[in-house]
Protein chains: 4
Amino acid sequence: MIPRYARPEMVSIWSPETKFRIWYEIEAHACDAMADLGVIPRENAEAVWKAKDTEFDVARIDEIEAVTKHDVIAFLTHLAEIIGNDEARFVHQGMTSSDVLDTTFNVQLVRAADILIADMEGLLAALKKRAYEHKMDVRIGRSHGIHAEPVTMGLTFARFYAEMDRGLARLKNARQEVATGAISGAVGTFANIDPAVEAHVCAKLGLRPEPISTQVIPRDRHAMFFATLGVIASSIENIAIEIRHMQRTEVLEAEEFFSKGQKGSSAMPHKRNPVLSENLTGLARLVRMAVVPAMENVALWHERDISHSSVERGIGPDTTIHLDFALSRLTGVIEKLVVYPKNMMRNLETFRGLVHSQRVMLALTQKGVSREDSYRLVQRNAMKVWEEGADFMEELKADPEVTSAMSEAEIEDKFDLGYHTKHVDTIFARVFDA
Amino acid sequence: MIPRYARPEMVSIWSPETKFRIWYEIEAHACDAMADLGVIPRENAEAVWKAKDTEFDVARIDEIEAVTKHDVIAFLTHLAEIIGNDEARFVHQGMTSSDVLDTTFNVQLVRAADILIADMEGLLAALKKRAYEHKMDVRIGRSHGIHAEPVTMGLTFARFYAEMDRGLARLKNARQEVATGAISGAVGTFANIDPAVEAHVCAKLGLRPEPISTQVIPRDRHAMFFATLGVIASSIENIAIEIRHMQRTEVLEAEEFFSKGQKGSSAMPHKRNPVLSENLTGLARLVRMAVVPAMENVALWHERDISHSSVERGIGPDTTIHLDFALSRLTGVIEKLVVYPKNMMRNLETFRGLVHSQRVMLALTQKGVSREDSYRLVQRNAMKVWEEGADFMEELKADPEVTSAMSEAEIEDKFDLGYHTKHVDTIFARVFDA
Amino acid sequence: MIPRYARPEMVSIWSPETKFRIWYEIEAHACDAMADLGVIPRENAEAVWKAKDTEFDVARIDEIEAVTKHDVIAFLTHLAEIIGNDEARFVHQGMTSSDVLDTTFNVQLVRAADILIADMEGLLAALKKRAYEHKMDVRIGRSHGIHAEPVTMGLTFARFYAEMDRGLARLKNARQEVATGAISGAVGTFANIDPAVEAHVCAKLGLRPEPISTQVIPRDRHAMFFATLGVIASSIENIAIEIRHMQRTEVLEAEEFFSKGQKGSSAMPHKRNPVLSENLTGLARLVRMAVVPAMENVALWHERDISHSSVERGIGPDTTIHLDFALSRLTGVIEKLVVYPKNMMRNLETFRGLVHSQRVMLALTQKGVSREDSYRLVQRNAMKVWEEGADFMEELKADPEVTSAMSEAEIEDKFDLGYHTKHVDTIFARVFDA
Amino acid sequence: MIPRYARPEMVSIWSPETKFRIWYEIEAHACDAMADLGVIPRENAEAVWKAKDTEFDVARIDEIEAVTKHDVIAFLTHLAEIIGNDEARFVHQGMTSSDVLDTTFNVQLVRAADILIADMEGLLAALKKRAYEHKMDVRIGRSHGIHAEPVTMGLTFARFYAEMDRGLARLKNARQEVATGAISGAVGTFANIDPAVEAHVCAKLGLRPEPISTQVIPRDRHAMFFATLGVIASSIENIAIEIRHMQRTEVLEAEEFFSKGQKGSSAMPHKRNPVLSENLTGLARLVRMAVVPAMENVALWHERDISHSSVERGIGPDTTIHLDFALSRLTGVIEKLVVYPKNMMRNLETFRGLVHSQRVMLALTQKGVSREDSYRLVQRNAMKVWEEGADFMEELKADPEVTSAMSEAEIEDKFDLGYHTKHVDTIFARVFDA
């Protein structure tokens, strides 16, 4: 985890304090369930809740672990120090460490997913706002980095909205994938613990019981979870790249916000770098790199091996923390992005009307000019624009062969940008009202 | 695509013949819709369907492409050769090549997904059958490759069933992700084509209209598709690794089927190698390697660049073909897997009853022996098993300190394997009846 | 392997014909060595060479394999058909299939590497030529996509040369990595074959004997090989991205060559898309995707498992074929790249002299103006350029506070582009004469 | 970075203190060089060294950065606080932040590589020692997890030695790749700084000057560096997997060391889990996951974009720290690995002599028995071993058809394990004396 790309709320999910708190809750709820089953005395179950408002002493637990070399035993020892040895003696009965560890990991992933879901909702709100704001602001569409036909800035935001909305749906699926818990004992057979305990603990923690576990919760769930985050990161990169292109000196159709106070280069006022979007490009790679190891984690030996554990100690916190930061940063970038409609129009007009050449050609054909002739007429006037910097409409108006087929008004009509934006409403309805 | 890991039905989805057929259908349906809108004459639309039963001449199209350097134009030229130049003149009007190419790619992916769905259903049936067949066949559970407590072979098949069932659900989601089409023109604005055309074509091809496209269908959809295949491949690897472990000389609890006629080594009859499962392990890597490039494909420049295209020419066919083959091969392996319950029992009994040590210890405590003493008693008898190869039950029965707490019958009772299998029915119900 | 991204010479390395030819040579050389050792009769060794000029019948071998289910046996059977059963009876004695297969794979990789090395030498020649051609052609350097200070087009080519030259050195290392062979028997102990046979065969094939093999040649070698190709592919992407940026409509400092005959859009003459460079970007992803599976192939079980094989059937041909194509395509792009020095200068002058602002500021300080005042003076004139489109030099000359510190000539001197190019020779010497 | 997989020496390379120290040295050496050139006063250069023994105040620098939003400026401000504003005024002259940052990153990578090189030398020593210790201890070789022919435990260690020795050579190459520095100014043209400064600074820091840099040192170097670490990690996984297999309950030919005091399960004395090797398997994935993003970092826009930076903030420390830990852990595992020659022999004898069947068959042929008959004779006796658990040698001796061709002594001779180990010395010489 890189501290500068981390926000406290997400970080706290992965703190030792949070982890021990979840461990505690699992153990305490499990005791309740066992008391309900008559397996352990009610008073012992109740005694566990004495620690309800205790903040566990991480340093003390570490100290015990240094001796026992076992984290769950260290925690249970410390718990016994708090609630009393005798009271604690039924805690964890019939359970295996992984029951606690895996269920906890999934609780953490679910909570992380909830933050990410909120992040994405924030991002969607920002994208929607900007989409409507610039709904009809025309800019040149580009394929292969080359000018093509007009689009609007609103459409650009709208397509990012649609993409992130798909991301949100995927994320909700991914959250569901990992919202399971398992309290099924050493090899998942419930030999020493009743399935009712699992059911109770899961219900209390907002999880579903894992239908069939071994010693561990199966890792295909987590592979799917991290793969989904990887796709979302790729969508972040998609937006970031667009912003970086828009902010290029030669394009400058939009710019990351620069606060008045921010140290920019006044001697080089053009030197405002899209560093946030570049950073997002890099963060996307960091999130994405968890995907393959998460997939490699699926094939554990028999009822479990522990090869996945070190991987998850890394990618569990890092990936969710960096993605949370990236989503938040991107939301800020979108909200405050400075859009330059004037430059958009300037770029659109680079080739003085040439953007309408296709439409003029079509119009000529519709006026009865043969396909070949239409092409020839448009081409000869287009080349004047390209080679001599002429104005396309003026050239057409001055070309008798053209004007013999189309009136000046008809020519002008073909230069109407509204032709290109006439379905923006339709598209917006599809994106935002579906 | 590696021919030996390819099956004809899936391969045919990716043939030039299939591709041109889909192109044709898109163009023909688009003409119908345009005729409905009054944009083109009805008879021209109808004329296109003259080619309905024609098999397109791939060599001829290639020939034309060699001149035009443009695949869609080559196809349209050939289509005109078939239905007549005049009749063909409205075909493709207002459309852009990507409208055809991207919609076709998604049709292919959907069809590929349908085959994969059927594959997985077949695999699930095989897994379920084998799970019930060996539901109560006990084998030793292993964590870290070391004997732990008993499970059943049925549980092993059942958890693979559950995992693949999740895979199937994911695959259906992935199919939905790519089941969209776009006929939206050069930059996605419908400037030259009515959205109704897109709606009609998509309906005919079993797709949803892409709510907002640029020149292309957004590639986050495809990233999610290939990521999902990567997770399924990882689950295949998970099963393959288990089979390879089971077939190890020292374990031999199951074996890939060896036909009578198959050339094995009779001079070394133990030399039956799990080559199919090893092959599946490798195929999983091949499928998985598409995930990262598919994610790198998401961030296209502006309304499109064509960097994704070469990647998809590779991973589109290769990944679906190899996964189809792998699923089919795995299904065969599962169906015909030779299970050796006798060896399972032999392995379980390696340490002559030691597998029950935990339960004996628990029983002693329940009989009032202190935790420390219980541990000591079990330990000293366990060590005789471990060091001298003694029989655990006999040692216990011969230990007066033990027998003073438990009767022979009580001791024997703790060696009941039924203790470990008592919840197998519960788990099966959760897996198969949910 | 995607046919359209494949060149015949590289493809032929991976053909069945080539493979069988190498198998044959290995077997024949091995027989020679065994005859030298007196292990087999000299006449049998000589008899094998009867097939020296035979082209093996792939269809026939496939036919036999369909029965034997074993490729090497099928080949040996066919060889016996050619040279006679009796003559063939010592062929392959003491060897294991992997001796042939793995040694052959490495021969193929070495040959592939030789082609790639030649490709890179061709690319380097092209880069060097273009570097000298445009050595002093000034263009604006950009960081973060924003104008910074001047560089030259020659420097751009020169740094790609330096990068590819490193790539060539890496490739030569990678070639060395896989230039080993093994004829060491079933588990690598030479139990049934003398190490002298391995030595002889390797010498004949231009390989070093693998110091210690198991049944297979260790796969860390191949992991390193494919990782190296992945780095080279990333360098290709680096160049491709630069070209795509240069060809952007707004930048247009260079353009992929467009042949007269090539079907471009004359009605939209600006619509020349950098499709080759975009394609190279995608091909880089295809090459790179082999890296992780090649690394996953390293950890084989004990003396071998066959999980690596299917992976290598894919990535062996595909990666080398696509990289060969990409290098060749890139060389063509570089050789024929159309450079627009006029546009370079136009872009450089976008902010009418502002590119020299840093240097003017430094000069003011050197003239005794305080740091703060220098900054203030430059800033106020720079802002006129930025906001009003003024000319920076003229503004400076019109600012009495500036001119009180610097003469007109001194101001003009600071606008000398030679200041930025004065070390180009030094850098070129470091790159090309080292 | 995961603290439990981190060792202090490597961690300290990546501390803020170390980073600022290197920054300081770069600036101070640069001043020296500029004084030598007469560009700045000698006394100013000397003044910088006043801070030579100062430990920089990280908190103070962070405080300044919070205001300036620029890390290098914050550091320079703090440096001025120490040595005096006036004395500091020439520090960093003509340099750009990246000159400091990139050169520092490479110094850190070189230092990290030096630790990793020492780690690998330690590992090699351990592997060599164990190889010679168990040079002739025979165990069964396995292909596909199935018993094949005998090898020795010494060969197993020797091949890991050879693999890691290749890894060491690769690592030294990788170190060379990143042992460059750049002090070349804003876009790499040395416009404002003389190349002699770069030469001096690099010499002092043990680096070579980067022949051609832009604003940054080219990232193909770093891609190669991390790719190399990924290959080494894969070799670690290879060894770890072997150990995990050897420690399996059913195999138990070796075991990770278990200290007397270590809390194992005495009630289940077989339950000693190879957790260190499993952990190494996971750590290998963590190291490997840096490879792809490092390659994605190569294609920066024009003279630089900053997308690589966040990636490197993660993978720079994490990958080197985790690999250092893994190499150290593996060395400990190898040094203390408990090898069980008795179990090795037990496993070898699982099929009571069958391991020699191939050799007997060969011997029969050499005695004049036809190939078909030899096969038949061996097969029928082998099947008795396989099906009835008979002893292969005894069966052969009791088979009159066999004994008519071979004497008892001749039969016994074929069961000599020395046949399989006769070239171990040769192989050891190739591995250790080359």
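Start with chain A as a whole: among its contacts between residues at least 6 apart in sequence, 75% join residues at least 24 apart. Two residues are in contact here if their C-beta atoms, placed from the backbone, lie within 7 Å.

This is a predicted model, in which local features need pLDDT of at least 70, side-chain atom pairs count only at pLDDT 80 or more, and totals for chains, interfaces and linings use all residues. Residues are numbered from 1 along each chain as its sequence is written, while chains are lettered from A and ligands numbered from 1 in the order in which they are written.

**Chain A, whole**

Of the 434 residues of chain A, 59% count as buried (20 or more other C-beta atoms within 10 Å of the residue's own, with C-beta atoms placed from the backbone).

Now switch to a cartoon view. Chain A has 20 helices and 6 strands, which are DSSP runs numbered from the N terminus (helices H or I, at least four residues; strands E, at least two).

**Domains of chain A**

Colour residues 1-93 as domain 1, 96-192 + 205-257 + 267-351 as domain 2, and 354-414 as domain 3. These bounds come from an automatic or database domain assignment.

How far apart are the centres of domain 2 and domain 3 of chain A? Taken over C-alpha atoms, the separation is 47 Å. The contact takes 6 residues from domain 2 of chain A and 4 residues from domain 3 of chain A. On the domain 2 side, select strand β2 (residues 146-152) of chain A, which gives the most, with 3 residues.

Next select residues 352-432 of chain A, which an unreviewed UniProt entry annotates as "domain: Adenylosuccinate lyase C-terminal". Over residues 352-432 the chain is 70% helix and 0% strand, and the end C-alpha atoms are 34 Å apart.

**Chains C and D**

Show chains C and D together. Their contact takes 59 residues from chain C and 59 residues from chain D. Elements of chain C that each supply at least two residues to its side include β1 (138-143), α7 (153-178) and α20 (424-432). Which element of chain C gives the largest share? Select α9(C), the source of 13 residues.

Conventions: Buried ≥ 20, exposed ≤ 12 C-beta atoms within 10 Å, placed from the backbone. UniProt positions renumbered as here; feature names shortened; annotations may be inferred.
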